[in-house]
Amino acid sequence: MRTQISGGGWREVVHRLRADNRSVIACGVLLLMVTLVLVGPLLMSSAPFEQLDIVNLVHAPPSLSHPLGTDAYSRDVLSRVLTGGRISLLVATSAVLLETVVGVMWGLIAGLAGRRIAAPMMRAVDAGMSVPRVLLLLALLAAVVHVPVWLLVVVLGVTGWFGTARLVHGEVRAIRHSDFVVAARTLGADPIRLALRHLLPQVMGPVLVAATLAVGQVIVLEAGLSWLGIGVQPPDPSWGNIIGDGTEFIASAPWVSIAPGLCLVVVVLAVSALGDGLRDALAPRHLART
Amino acid sequence: MLRRLHRELRTDARHTRGTQMRALVRRIGQGAVVVAIVAAATFVLVRLAPGDPFATALDNARLTPALRAQWRAAYGLDGSIGTQFLHWITALARGDLGWSTSTGQPVSAAIAQALPHTLLLMSVALTIAFALGMLLGAWQASRRDTITDRGVGGLTLIVGALPDFWLSLVILLGGAYWLRLFPVGGASDPLLPLAASSLTILVDRLHHLVLPALTLVLLIAAPVARQQRAALLDRLLGADWVRTATAKGVSAGTVFRRHAWRTALGPVITLGGLTLPAVVGGSVFVERVFAWPGMGRLAASAIAARDYHLVVGCVLVGTVMVVCGSTIADLLAQRLDPRVEFDDSHPIVAAQT
Amino acid sequence: MPSLRLLPYLCSLGLLAACRGATDAPPADNGSDDGGTLVVSTPAEPDNLLPPITTTQSGHQVEDLIFQRLADIGGALNTVGDSGFTPNLARRWKWAADSLSIAFALDPRARWHDGRPVRAADVAFSFALFTDPKTASPTAPLLANIDSMTVRDSLTAVAWFRRRRPEQFFDAVHQLYILPAHLLASADRSKLAALPFATQPVGSGPFRVVRWVPNQVLELAADTTGGVRRAHLDRVVFTMAPDPVTAFTRVATGEADVYESVRPDKVADVAKSAQLRLMMLPSLDYSYLAFNLVDGESGRPHAIFGDPVVRRALTMATDRRGIVANIYDSLAVQARGPFTASQASADPALTPLPYAVDSANALLDAAGWRRGPDSVRRKGAVVLRFGILVPSTSVARMRAAVLLQEQFRRVGVESTVESADMGGFVGRMTARTFDTILGAWNPDPGTSGVRDTWTSAGAMKGGNNAGEYRNLIFDAHVDSALAAFAPQDMRAHFAAAWRVIREDAPAIWIAAPRRVMAVHSRIEMAGMRPDAWWAGLSQWRIPVSKRITRDAPAVASGAPH
């Protein structure tokens, strides 16, 4: 799947995206979600950490004063879901940004470098990919005494860049022998400039698609970590830890885990639709390009 | 002249085989390097965490520092990390993976007990998931952009987006508690008589396999279906030979059925290769909820119990199997699509460009 | 379609499930009350089954069933003198005139599970094994008052004590499991964990180990060596599931019979179920938030917690009754000190520090901690901020941490919840790398546990007094209490000690939960003790009329008799 984008290419990509209904709706949904989580908490009457009445107001069903009910600590679930959205989206996008940047850089360098440098770099990538990500996260987080949000982002990012690196490495290796690259090198072009101006746009296509999908994956992964007790730490909410807290009470107080679960699913759906739309926009098959 | 051509072709063939053999050997060597990196990194990482393997029982920790020091010495944990690593390597050369403090048996015994359960669950789940996913993806591709396609696509997205532990719990409670059709976790019935017939044992195992396999199938089939749909549409729409075929009057359906599989299989094999760590490592969440005695559960509890040797042993065994598996997968992919070069720049990706 | 492939399997499995349900008719009456299978569903797993090196509660649980002690404590947990004890391996015992030795007369019918008779040499050997420095047993310090155990004749063993103590009989009897000398005498004592015996032990108790598949199942069968059967049940099977929800669901569906810690939100379900019975027992557990009183690096008093006024203020800022009600509903009471009501050392008249947020604020202000612009208190350069170390595996304590955090916030104290896995929690506790720790103790019956956990003796590096609370007056009261032979003296000294520790407030006492168990209704229980609900398991029975499929005779299981 060759994704050639030249100078005016990005404008065409955006144009195609805007023409695709599915992507437009997905963007709209995401923007709505972002607005909700940014503005929502400001409109709430009770703070997400406020425990209103730990004896009498525990697991109160949805009502006018608490549209999504309360949780095990008598905290307002709606407030927590909105604030949690901030943290979940922030963690997910930052972690994915980190893993994309690291992966792209690693893949670019490995792709351009000679075998002596590239081989150990790619072996490190293979090593990282052969261990299940959850185990790696468990081991890393066990070694740390206190896990603030930024550290969680770093740990998530550091365990997720291997696939991107391999993808970029493959793409760079494939096109480093193409005519214009060979020509540029023969003419003495600076490799860094070469990488940034010519190679990077070529590889960004599949990378962007993978990144959008990764956002959803990271949100779900953080949910699992919170269920194990090692995700975002209290009292900060995240969709993940609200679901984790509420899972035990699925039968008696379903409203705790349903709301963040729905938000999570909506975001993943929107982000995946956007990813699909990006993929179609970057490599339109019906135009039969060569 | 013909004879010279013949000789040249034969030399070429031998030359290609020779190159392939060299590439294979190089691949194996690189695999060994990968295993070494993973083993060393894990070895160091687990020892960085606070705590040690002794008295991890929370409520009755009666080990004084003197006793703790004695136990550390007895288990070989009192030297520097370098010394410990050397001991471990020399033991490994003898085939000894060390002693597991949390399960009270040699590490190799613990892994030998857990590995078959994970392999069973994951291979059953993956086979069904891939078959289901590929069929679903192909079905979607053949009905591109219709309501069915969009609907199924949305459904696969939602199912694939569900958190593992949440889906596991819902399926466990649904199938075992609300419907009472299946046992509550575990791999087999602990009360089954030892003298039971093989058929009873087999049926019991299958009975226990259904719910965890169902969970995994739902989680895995979804992305496989999406990948398959995308791959089919990539390869078939706009590809020269397809246009030629349709121009010649071959129906779209025949094109799909006869030719879609070979070229679309490549990305599926890649995806399969990417799931290899999970096949051997198991799913931590699914195994925990279903009390499935596999590698995921073993490794996760070993980390919590600071059972250093068991953690490194699990990761080592897992990595070795993954490296072997991916080498085999690459060989298979090369057989299927000879355009692929078998070298270290990840041939599958090269073939995709 | 691929799903059709599964359809025949699904049908046959469904049929199988239906068939299994239908055969719940009781098997033929064999005339005696012996028989039945008890399945215990638990998330915990023993580390090993060799008493000197076992550190898990679940390990001791199984060891209580497969090994014998010289005598057992009664349900009243009277550990002073010997009147509260019932004979077990020792049929009778005789005190020497100076009370510095006790001669135990062993039951001549006692047999090891391999058929060999139990002799006094085994008792002496067990003591030697427990106390050998090479074994490095954590139990050895608890046997410190016993100088030696000797053999007078093949059925009489004598315990020699260093000092007279109220609990000296308890010392000699409770911690010492009797082990077979003929199987362990030649073992390398520094490598006991590697012995096959550690996973396939041979004891002399009412049950013996049939098989143990780590992380899955541990099966015990009633021992019938020498034709004597001491347990009514045929089998006791422990099934392990790491997730507590899964473990509980096994009991809820009837796959298992006993679940030993039902969560409060499930209590209603159990009470409503006709198949299950809810059992509530007193227990010895209590939880607390201990302050680290020593600054790790310098060894000086902690900048925040070194001041008892701050500690008292923090205690009064917390609504402990509300916290207990939130976590346990009505299944726990507020802990008033390092003891529970079932212990002889309890003081029913002690009132804990009150919940008074205004007083807390006033005290903190007076101590120099003023609220800053972000409403977090400061004193000079030090911010009133600390971490709460919690084990991620304890649901109750994770809940308590979040509740405490919010209550601290209201008085201007910023706290972070630091959840650690098992290894990390114990590691940091022993290394003292924490600010505050949400701990819980499950003490031994008897009263001397407090010396280990709250006196200066336990405060040395790595000891169980995690916050390193040192108060000589408290120590003196505890020592006097433990040396007092008259119960009222002991209680008076303990009461004084509890008052000292209440004013010092080295920890916030949180909850003393009851043990809430779900047990299948067909089971008839007996002999349950607050420290060990399984203590009388050999007396549990399942009436023939109520038996179900899994109670079928052991002959079918192929287990050797």
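## Basis of the model

This is a predicted model, in which local features need pLDDT of at least 70, side-chain atom pairs count only at pLDDT 80 or more, and totals for chains, interfaces and linings use all residues. Residues are numbered from 1 along each chain as its sequence is written, while chains are lettered from A and ligands numbered from 1 in the order in which they are written.

## Chain B

Chain B holds 14 helices and 2 strands. Both kinds of element are DSSP runs, numbered from the N terminus: helices are H or I with at least four residues, strands are E with at least two. Of the 353 residues in chain B, 46% are buried. A residue is buried if 20 or more other C-beta atoms lie within 10 Å of its own, exposed if 12 or fewer, and partly exposed in between, with C-beta atoms placed from the backbone.

Two residues are in contact if their C-beta atoms, placed from the backbone, lie within 7 Å. Among the contacts in chain B with a separation of 6 or more, 71% are between residues 24 or more positions apart.

## Where the chains meet

Chain B puts 58 residues in contact with 58 residues of chain C. On the chain B side, the elements that give two or more residues are α2 (65-74), α4 (107-142), α6 (164-178), α7 (198-236), α11 (284-289) and α12 (295-304). The most come from α2(B), with 6 residues. This side of chain B has 38 nonpolar, 12 polar and 8 charged residues. Here Ala, Val, Leu, Ile, Met, Phe, Trp, Tyr, Cys and Pro count as nonpolar, Asp, Glu, Lys and Arg as charged, and the others, Gly among them, as polar.

Chain A also touches chain C. That contact takes 19 residues from chain A and 20 residues from chain C. The chain A side has 13 nonpolar, 5 polar and 1 charged residues.

## Domains of chain C

Chain C is assigned domain 1 (6-51 + 205-282 + 514-546), domain 2 (71-184) and domain 3 (286-513). These bounds come from an automatic or database domain assignment. The C-alpha centres of domains 1 and 2 of chain C lie 31 Å apart. Each of these two domains gives 9 residues to their contact. On the domain 1 side, 3 are nonpolar, 2 polar and 4 charged.

## Strand β1 of chain C

Strand β1 (residues 37-42) of chain C is mostly covered, with 6 of its 6 residues buried. In a regular strand the side chains alternate between the two faces of the sheet. In β1(C), Thr37(C), Val39(C) and Ser41(C) point one way, and Leu38(C), Val40(C) and Thr42(C) the other.

Two strands pair if DSSP finds at least two bridges between them. β1(C) runs parallel to strand β10 (residues 235-240) of chain C, joined by 6 bridges. There, Thr42(C) has Met240(C) as its bridge partner. β1(C) also pairs in the parallel sense with strand β11 (residues 258-259) of chain C, over 2 bridges. Ser41(C) stands opposite Tyr259(C) in β11(C).

## Helix α11 of chain C

Helix α11 (residues 395-410) of chain C has 16 residues, which at 1.5 Å a residue should span 22 Å; its end C-alpha atoms are 24 Å apart, which agrees. The expected span is 1.5 Å times one less than the number of residues.

α11(C) is mostly covered, with 12 of its 16 residues buried. Among them are Ala396(C), Met398(C), Leu403(C) and Phe408(C). Their cover includes β13 (286-291), α9 (320-328), β18 (385-391), β19 (414-420) and β20 (436-441) of chain C. Just after α11(C), Gly412(C) takes a positive phi of about 85°.
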